[in-house]
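Here are a few friendly notes to read beside the model. I begin with charge pairs and finish with the overall picture.

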Amino acid sequence: MSHHMPLKIFSLGKKFHGVAITLQKHRKVAAVFEWKGMSYFAVVITLVGAVGNDSFKFFRKVLAGFDNDKDDISTNQYVDLNFRAINYSAEVYLNGRKEVLPKGMFRRHSIDVTDIIKPDGENLLAVLVYPPDHPGRIPPEGGGHEIRKDVAAQYVEGWDWMAPIRDRNTGIWDEVFLSVTGPVKIVDPHLVSSFFDNYKRVYLHSKLELVNKSNWVAECSLNVQVATELEGNACMVEHLQTQNLSIPAESQVQYTLPELFFYKPKLWWPNGMGEQSLYNVEITVDVRGNGESDSWSQHFGFRKIESHIDSSTGGQWPANIYPWGNWILSDGLLRLSEKRYKTDIKFHADMNLNMIRCWGGGLAERPEFYHYCDIYGLLVWQEFWITGDCDGQGIPISNPVGPLDHDLFLLCARDTVKLLRNHPSLALWVGGNERAPPDDINTALKKDLQLHPYFESSTDLKYSKEEISLLLMDPSEYLDGTRVYVQGAMWDGFANGKGDFTKGPYEIQDPENFFKDDFYSYGFNPEVGSVGTPVAATIRATIPPQGWQIPLFRELPSGCVEEVPNPVWTYHKYIPHSKPESADNQILLYGTPKDLDDFCLKAQLVNFTQYRALLEGWASRMWSKYTGVLIWKTQNPRTGLRGQLYDHLHEQTAGFYGCRCAAEPIHVQLNLATYFVEVVNTTSDEISDLAIEASVWDLEGGCPYYQALDKLTIPSKRTVSIFEMKYPKSETPKPLYFLLLKLYKMSDCDILSRNFYWLHLPGGDFKLLEPYKKNKISLKITSLTFIRGSSYEVRMHIENTSKKPDSRSLIHNNNFLAKGGSRNFDVPSSAAVLNMPEKKKEPSSLQRIWKNFSTRTSGKRVIEISGSHAGVAFFLHFSVHASQKGNTDSEDIRILPVHYSDNYFSLVPGELMTVSLNFEVPQGITPHIRLHGWNYQDGHTVL
């Protein structure tokens, strides 16, 4: 029986790393990344030596003997010591025997240690790891771009969003494990699916390598099982196939299995387009006289991705997917874990994104990353380790032909393809960022990653199943063969398609600019970004107190205002909220901030409007001018103050929810340039029987304008302009007002999309919101908590119970509808929206999820917050905190991460909203949920 034994390798460098973490927990330093405003790695480097190719890290591990019942090594069993990745080369010493792990950050290593390891005694493992050959200098940021000469992650030399990693992440950075097999070992199976008859007939193709380590011919039976998971721990076997073969002694053979046929299998769809159906494929090899020799398993999804360059826009159509996000890596110090990956990927799904670009200066992402992309439906654009920021730039100019060792680069690329190619989430390979690979590497990658002829054609296939079987090589025999290779992120339908720097911008914008025709000239923008100030609690948790001073606002001779951040914020790559001569300071539109809390709250308002406008501006012209956009960037791999939708501690900014709102598959929005209400349908189906409701609210809780329109139909993959807002063109518009848009399905009253704006008249600002903080709005909050072990699911029903005197309004199925009075109403003559049928009550998704689990319910709890004013309850947001004895006021007691169905939301009078919260609670901790808002500055404990 084969099995893996994971090892926890201990590092001297990581020992100091552990010291830093311990100091952080005891409040001696502000954050692991920072030590008195500088990278803590400076302390480590002082102890282990300066960066250079004569530096090293030493790892030592004592391994116990094998368990006699399970792990005893018999005569015909073999043991491999596997390193899934190191940086950059290493010497391995096991029981005094030396083995060398050659250079390259993105390659796997496997050492046969059968004759070295002691099954029934103590084993001593020591690993001496050497850094990249060209680590560069510290300072400056960028290190002279020397790291570009090696096959390694480029970001470690520092970027405009990243401080340098002092030791260039030298060390063992991925898993290490022992594998015990029989005489025959399975190596790198390749799974491919092909589709016919409109996806009714589906075939699973598979190829693998088999290594016979013995000195005799192995008579084998190769077994393939394909199963689907059912509720509980049960599974249903869909296919079971056995093939017999002989493998010569001490040889390695490639074997292509007969294809397996499926009729109408469940398909794997990207997030927002359908279910992420996965099958478990298990391959085992039995050797006559020895039983099972090795096994391999993989979750696999049936799907086909098509891509073409749109003739009218010149932009790529990769799988008709929109929108996307740029990803750097989970953690700059490579403290990678399944738990952190799961949160990262689910956050992207929560934002309604359906693709992630793994940027070329980062990693070949790990299988655990791809596993959760498979689970949550995030397609992945994976770049190789080429980036124009490092290649051919710098003083002196860095090596213009990429890595010095081209053969090593291609070896790492091919090994990466084999490691990742079976994941349905992997969508395309890209040669590099802002630069194509050197000609010989690019030519080799094009050849290695050429498409199988079946995948070159669209759904209307030019090959039948029989022709593919008779005339063409089996698809699984290609290195990949199923995914497009693009030479660079600004080639072949991306940016201007010619490799010129035609992406961005990366700074603050007036929100209406995103909607203007001249904002971007090409069909597909691979990078466009903005601000990303985190919440105040994160700044306090990650930056020393001397860095809590907010930026100074300095007026320039031109009359524009620039921000002057403190040095610690500059170190953390702060990006300002103004762009002199182009965009007014978006913070000051709300009034001058008083302190850190006030600044960060106003920054969240800006975050929300920036990222919502960015995606809505693109959606407004999708399928006519644009084909796609990637947000630069969704997260930071370190504590940072720019370009992020959630911070390094996993606290979401309001931009997260602005993105979530705008990226809905079906979305109602206001075009900020034309003031037309639009509906975006990114789905594959036409939607009909729709109604739109628009209501305007003032600061006194009145509704001066209401408009509704019904019997609407929106085609698939279209953005349709519905009507022009007549407000604020009325005679007496308010200088600041709120707009609530709702899109309904008429048949069952389902709200397909809800969108809330705060707006001012042209040339105005939001400063009237400052005194509005004093208006206390009544709320009623009903909560129900489900607990299973350490997992909490909380459903909050929040109702704005404020009423304006003499207000005549009708609340119907959580929808605001109004009539009469002196307001300006434009309602369809049929008044169909007033006569929607009552929605049939069915079990909630929460009830369906939890009914099969052993849970306890804390019971319903009702909290009422009294208020003396009627009006909009503005910018409400929840947070979860630990309640534990001994906490100080300055301690960060947030429980993170928390998955919210919504946050940073507003409620008009009489409106009800349900928000769900999901989080894990550490042992011994009692969670409490706090509600804050514009009108609730001090916050309220609601659970």
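1. Let's start with the salt bridges, of which the structure holds 37. The term here means a side-chain nitrogen of Lys or Arg within 4 Å of a carboxyl oxygen of Asp or Glu. Please keep in mind that this is a predicted model: local features need pLDDT of at least 70 and side-chain atom pairs count only at pLDDT 80 or more, while totals for chains, interfaces and linings use all residues. Residues are numbered from 1 along each chain as its sequence is written, and side-chain values use heavy atoms, with hydrogens and water left out.

2. Helices (H or I, at least four residues) and strands (E, at least two) are DSSP runs, numbered from the N terminus. Arg-84 and Glu-368 are both buried, that is, under 20% relative accessible area, where exposed is over 50% and partly exposed lies in between (1.4 Å probe, protein chains only). Arg-84 and Glu-368 also belong to a network of salt bridges with Asp-174, Glu-175 and Arg-366.

3. Asp-517 lies in the loop between β24 (484-486) and β25 (524-529), and Arg-621 lies 104 residues away in the loop between α11 (596-620) and β28 (628-632). Asp-517 is partly exposed at 48%, and Arg-621 is partly exposed at 24% relative accessibility.

4. Which acidic residues gather in a patch of negative charge on the surface? They are Asp-405, Asp-407, Asp-439 and Asp-440. Patch members have over 30% relative accessible area and no salt bridge, with like charges joined within 9 Å; Asp and Glu count as negative, and the charge of Asp is placed at CG. Asp-439 lies in helix α6 (residues 439-448) and is exposed because its relative accessible area is 65%.

5. Finally, the whole protein has 14 helices and 48 strands. Buried residues make up 59% of its 943 residues. Among contacts (heavy atoms within 4.5 Å) with a separation of 6 or more, 73% join residues 24 or more positions apart.

Methods: Patches are made of residues with over 30% relative accessible area and no salt bridge: like charges are joined within 9 Å, nonpolar side chains (Val, Leu, Ile, Met, Phe, Trp, Tyr) within 5 Å. Accessible areas come from the Shrake-Rupley method with a 1.4 Å probe; for residues, only the protein chains shown count as cover.
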